[in-house]
Amino acid sequence: MKVIKPGSTIGILGGGQLGRMISLAGRNMGYRFITLDPTPDSPCGQVADFQITAPFSELKAAKELAESSDVITYEFENVDSNVASILETTSFVPQGSTLLKITQNRIREKSTLQSSDVPVAPYMVIETENDITSAIDCLGLPYVMKTATGGYDGKGQWVIRNQDQISIAIEAWNKAGVDMIIEQFIPFSKELSVIVARNAHGQMKTFPVAENVHTNNILHQSIVPARITDEQRKSAERVALRIAESFQVVGLIAIEMFLTNEGEIIVNELAPRPHNSGHYSMDACITSQFEQHIRAICGLPLGDTTLLSPIIMVNILGQHLGAVLDKMDQLPSTSKLHLYGKKESVENRKMGHINFLGPTIEEVVLQINKLQIWT
């Protein structure tokens, strides 16, 4: 495993907020950055040394990125996996394209997890319209219908709770034009996530387990430490480490999980990159997820992930941004504001986040509620 030392250039496929925060962390370490993204002046492009403005599928642009980079990474999984596959034949892409292809498709992701003896929700692939009805007999109600590709933040998902909604599912399936799956609805007590870093030497480290709260299928808060038992924490970490080792991850992988009412861990989704639920690490861990990702892909020893303070990360969506800016003078002195440089504030679009720190989770909750921004 070659080591990419500080002073080298890291190429990033994708110019969103994750790329932005990777670049900001890497600049502190002495790295330079170039990003490829179709949006001019992207969040990452604003802080990188240079942006190539082109579609992710444009091979000429990808090769230009490769020629200017010592190592290439991707900041979200909807980049073109075929381009990543071509790049790894001529360039250093330590994450590879295999895991990217797996996590871009829920059917491949579920089947690969099952082959590694990782617990997932029972599911079936929709092949005919009749499957949408027969799934009731196989999986019961309610169930969740999802597009196999492209869904995020609740997009491409339908919860079917009763027979009357079957027509809605059939209509969505007919319009989707992509493969879809149906998953059994898992009653859960908490949604959790664990981020694991692994380098090519096989060294692995987990970040503290996050307890996640979603509103309208979009992550609202990540609470750390998660309010779970020590045995539940260890169980979540064991599952996450098994996945990282089984997939031979290089870089980061985020594992979203359900903690069932019976105390079982069920894996929901994977993300082979830094993750929204790991943003708390920027201000509450010795090493942030973004610095850790750079360490992992560059062949450096992984950093300490010890949690330094209880923390709640709260997402700032488009509808919250005005209130946040209006109440800057009311933000607690221990809070840390992170905005992503997006030009247009749109409802439900992630514009930034605030990390609220305090001596206890209970006191942090009071800080957030006092602001009356998130209702």
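**Getting to know the chain**

Colleague: Where is aspartate 117 found?
Modeller: Quick background: this is a predicted model, where local features need pLDDT of at least 70, side-chain atom pairs count only at pLDDT 80 or more, and totals for chains, interfaces and linings use all residues. Residues are numbered from 1 along each chain as its sequence is written, and side-chain values use heavy atoms, leaving out hydrogens and water. Helices (H or I, at least four residues) and strands (E, at least two) are DSSP runs numbered from the N terminus. Aspartate 117 sits in the loop between α5 (106-115) and β5 (123-126).

Colleague: Is aspartate 117 buried or exposed?
Modeller: Buried means under 20% relative accessible area, exposed over 50%, and partly exposed in between, using a 1.4 Å probe and protein chains only. With a relative accessible area of 63%, aspartate 117 counts as exposed.

Colleague: What is the phi of aspartate 41?
Modeller: Aspartate 41 is in the loop between β2 (32-37) and β3 (50-53). Although aspartate 41 isn't a glycine, its phi is positive, at about 50°.

Colleague: Which residue does a cis peptide bond join to leucine 141?
Modeller: Omega for that bond is about -5°.

Colleague: At what angle do the axes of α6 and α7 cross?
Modeller: Axes here are lines fitted to C-alpha atoms over the stretch in contact, and angles run from 0 to 180 degrees between N-to-C directions. The axes of α6 (residues 129-139) and α7 (residues 166-176) come within 9 Å of each other. They cross at roughly 145°.

Colleague: What is the radius of gyration of the protein chain?
Modeller: It's taken over C-alpha atoms, and the globule rule is 2.2 Å times the number of residues to the power 0.38. For 375 residues, a compact globule would come out near 21 Å, and the chain agrees, at 21 Å.

Colleague: And what percentage of the chain's residues count as buried?
Modeller: In general, nonpolar side chains of soluble globular proteins tend to be buried together. Of the 375 residues here, the buried share is 57%.
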